[in-house]
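Let's walk through this fold together, going from strand pairing to the core and then to the aromatic rings. Have the model open as you read.

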Amino acid sequence: QVQLVESGGGLVQAGGSLRLSCAGSGRIFSISVMGWYRQAPGKQRELVALAISGGSINVADSVKGRFTISRDNAKNMVYLQMNSLKPEDTAVYYCYAGAKASMLSTERQYWGQGTQVTVSS
């Protein structure tokens with residue numbers, strides 16, 4: 001089983017910055033993808049950014065140029081640097097990972113518990 005724990009959320013004024021961190025732990029053989037989704041009140045969960053093994057990055061258009069995702073494979077960690085934050089970035093941010101617990105197991109999807117990011121105008 002893989003556990004994901006986020007940290008770094010909080011309250012910030014528009015134009016400010018926050019850095020989210022997510023640590024993966026437990027029985028991990030490999031992680032193919034780590035990243036971030038978010039869900040605002042009354043809206044569906046949406047992709048923010050993904051870091052795929054091999055170096056590929058997928059970033060939502062709404063945050064391009066403002067948010068940067070990075071990954072530390074040796075530590076099973078992923079980060080999200082959020083700059084120039086806007087009130088519409090307010091949401092619960094969830095860490096996501098696609099991981100295998102062993103060489104022979106099937107890859108599964110894992111989610112963190114979420115961390116609140118609130119951007120005031």
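**From a strand pair to the core**

Start with Cys22, whose bridge partner in β8 is Val78. Strands here are DSSP runs of E at least two residues long, numbered from the N terminus, and two of them pair if DSSP finds at least two bridges between them.

Before going on, a word on what you're looking at: this is a predicted model, where local features need pLDDT of at least 70 and side-chain atom pairs count only at pLDDT 80 or more, while totals for chains, interfaces and linings use all residues. Residues are numbered from 1 along each chain as its sequence is written, and side-chain values use heavy atoms, with hydrogens and water left out.

Now zoom out from β3 and β8. They belong to an open sheet of 4 strands in the order β1-β3-β8-β7, with antiparallel pairing. β1 and β7 are the edge strands, each pairing on one side only. On average, neighbouring strands of this sheet are turned by 15 degrees against each other, direction ignored (the axes are lines fitted to C-alpha atoms, and angles run from 0 to 180 degrees between N-to-C directions).

What about the interior? In soluble globular proteins, nonpolar side chains tend to be buried together. In this model the largest nonpolar core has 30 residues, and Trp36, Leu80, Met82 and Tyr93 touch the most other members. A nonpolar core here is a set of buried Ala, Val, Leu, Ile, Met, Phe, Trp, Tyr and Cys residues joined through side-chain atoms within 4.5 Å; buried means under 20% relative accessible area, exposed over 50%, and partly exposed in between, with a 1.4 Å probe and protein chains only. Strands that each supply at least two residues of this core include β1 (2–7), β3 (18–26), β8 (77–82) and β11 (115–120). The largest share, 5 residues, comes from β9.

Take Met82 as a way in. Leaving aside neighbours within four places in sequence, Met82 is in contact (heavy atoms within 4.5 Å) with residues including Leu18, Leu20, Phe67, Tyr93 and Val117.

Next stop is β4, where you'll find Gly35. Gly35 counts as buried, at 0% relative accessibility. Although Gly35 and Tyr96 are 61 residues apart in sequence, they are 5.2 Å apart in space, C-alpha to C-alpha. Beyond its neighbours within four places in sequence, Gly35 also has Ala49, Leu50, Ile69 and Val78 among its contacts.

Tyr96 brings us to the rings. Which residues do ring pairs link into a cluster? They are Tyr37, Tyr96 and Trp111. Rings of Phe, Tyr and Trp (its six-membered ring) pair if their centres lie within 6.5 Å; planes under 30 degrees apart count as stacked, over 60 as edge-to-face and the rest as tilted. The structure holds 3 aromatic pairs. For Tyr37 and Tyr96, the centres are 5.6 Å apart and the planes at 70 degrees, so the pair is edge-to-face. Tyr37 is buried at 19% relative accessible area, and Tyr96 is buried at 9%, whereas Trp111 is partly exposed at 35%.
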